[in-house]
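Thank you for making the time this morning.

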Amino acid sequence: MYARATMFEARPGSIDDGIAYCRDEVLPMIRDIDGCIGLSMMVDRTTGRCIATSAWETEEAMRASNEKLATVRERAGEILGATPEVEEWEIGGLHRDHRTAEGACTRVSWMDGEPGQSDRMIEVFRGVMPTLDSWDGFCSASLMINRSTGGAVITTTYDSQEALEASRPMADQTRAKAAEDSGSRISAVQEFELAIAHLRVPELI
């Protein structure tokens, strides 16, 4: 499984229009592309950062869709007032305790590692799932990896903003331990509103 993440640093006041475009126009279109298994969109209304992520059954399907989606990215950039930045990832793991509902929020952790350590990161990710499952309001977690750079992105999703905030102390400890165990460095952490949640990635743990 693979994913393409497109990031925007949106101008103030444009985020709702961007969500509407992705929900009403992009999502119906992308579902009809061979190999696509869904779309999500996260937004931070304070900073303006928005991340739209599409998931794909194979790397070939993801690459084949690129030309068709280039126009979509350009239009989203016009609406949001931002230049899209695209990253492609392998989905190294996904665990879902239950599906999200309206009001769900996410925490995204970017980690830098060494090439060749991605399998170690996958094992560490699998090892922390029982801990995350025990937290109130935890919905799901995913791991995206770049084997050539050693980079990784971990996204955890919660039922509500309140559950996200309550998890922060435990998440800080768990993240630091995961970075140590995987030989990685935490480069950034950011929290988002989960505006669109239509990924159909199966359990990968």
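Predicted model: local features only at pLDDT ≥ 70, side-chain atom pairs only at ≥ 80, totals over all residues.

**Cavities, pocket and helix packing**

H4 gives the largest share of the lining of the largest cavity, namely 6 residues.

The largest cavity holds about 200 Å³ of space, and 16 residues line it, with Leu-132, Ile-154, Thr-156, Thr-174 and Arg-175 lying nearest its centre. The elements that give two or more residues to this lining are E5, helix H4 (118–133), E7 and helix H5 (161–182). If we sort the lining of the largest cavity by class, we find 11 nonpolar, 3 polar and 2 charged residues.

How do H4 and H5 pack against each other? Their axes come within 9 Å and cross at roughly 155°, which means that H4 is roughly antiparallel to H5. The crossing of H4 and H5 is right-handed. On the H4 side the contact is made by Arg-120, Met-121, Val-124, Val-128, Thr-131 and Leu-132, and on the H5 side by Thr-174, Ala-178, Glu-180, Asp-181 and Ser-182. By class, this contact of H4 with H5 has 5 nonpolar, 3 polar and 3 charged residues. You will notice that Leu-132 and Thr-174 take part in this contact, and that Leu-132 and Thr-174 are also among the residues nearest the centre of the largest cavity.

How many cavities of 30 Å³ or more does a search of the whole structure find? The search finds 3, and I will describe one more of them here. The second largest cavity contains about 160 Å³ of space. It is lined by 14 residues, and those closest to its centre are Thr-6, Val-26, Ala-52, Val-72 and Arg-73. E1, H1, E3 and H3 are the elements that give two or more residues to this lining, and H3 provides the largest share, 4 residues. The lining of the second largest cavity divides by class into 9 nonpolar, 3 polar and 2 charged residues.

Helix H1, residues 15–30, and helix H3, residues 66–80, pack at an angle of about 165°, with their axes 9 Å apart, and so H1 is roughly antiparallel to H3. H1 passes H3 in a right-handed crossing. From H1, the residues that make the contact are Ile-15, Asp-17, Gly-18, Tyr-21, Val-26, Met-29 and Ile-30, while H3 brings Lys-68, Leu-69, Val-72, Arg-75, Ala-76, Ile-79 and Leu-80. The contact of H1 with H3 has, by class, 10 nonpolar, 1 polar and 3 charged residues.

Finally, let us turn to the open space. The largest pocket has a volume of about 570 Å³. Of the 32 residues that line this pocket, Ser-40, Ser-142, Thr-155, Thr-157 and Leu-199 are the closest to its centre. Which elements give two or more residues to the lining of the largest pocket? They are the strands E1 (2–9), E2 (36–43), E3 (49–56), E4 (85–96), E5 (105–112), E6 (138–146), E7 (151–158) and E8 (185–199). By class, the lining of the largest pocket divides into 19 nonpolar, 10 polar and 3 charged residues.

Technical notes
Residues numbered from 1 in each chain as written. Heavy atoms only, no water. Axes fitted to C-alpha atoms, helices over the stretch in contact; angles between N-to-C directions. Parallel < 35°, antiparallel > 145°, perpendicular 65-115°, else oblique. Left-handed = near helix turned anticlockwise from the far one by under 90°. Contact = heavy atoms within 4.5 Å. Nonpolar A, V, L, I, M, F, W, Y, C, P; charged D, E, K, R; others polar. 1 Å grid on protein atoms, 1.4 Å probe; cavity = no way out; pocket = protein on both sides within 12 Å on 5 of 7 lines; lining within 4 Å. Points joined across faces, edges and corners; volume = space filled by probe spheres on them.
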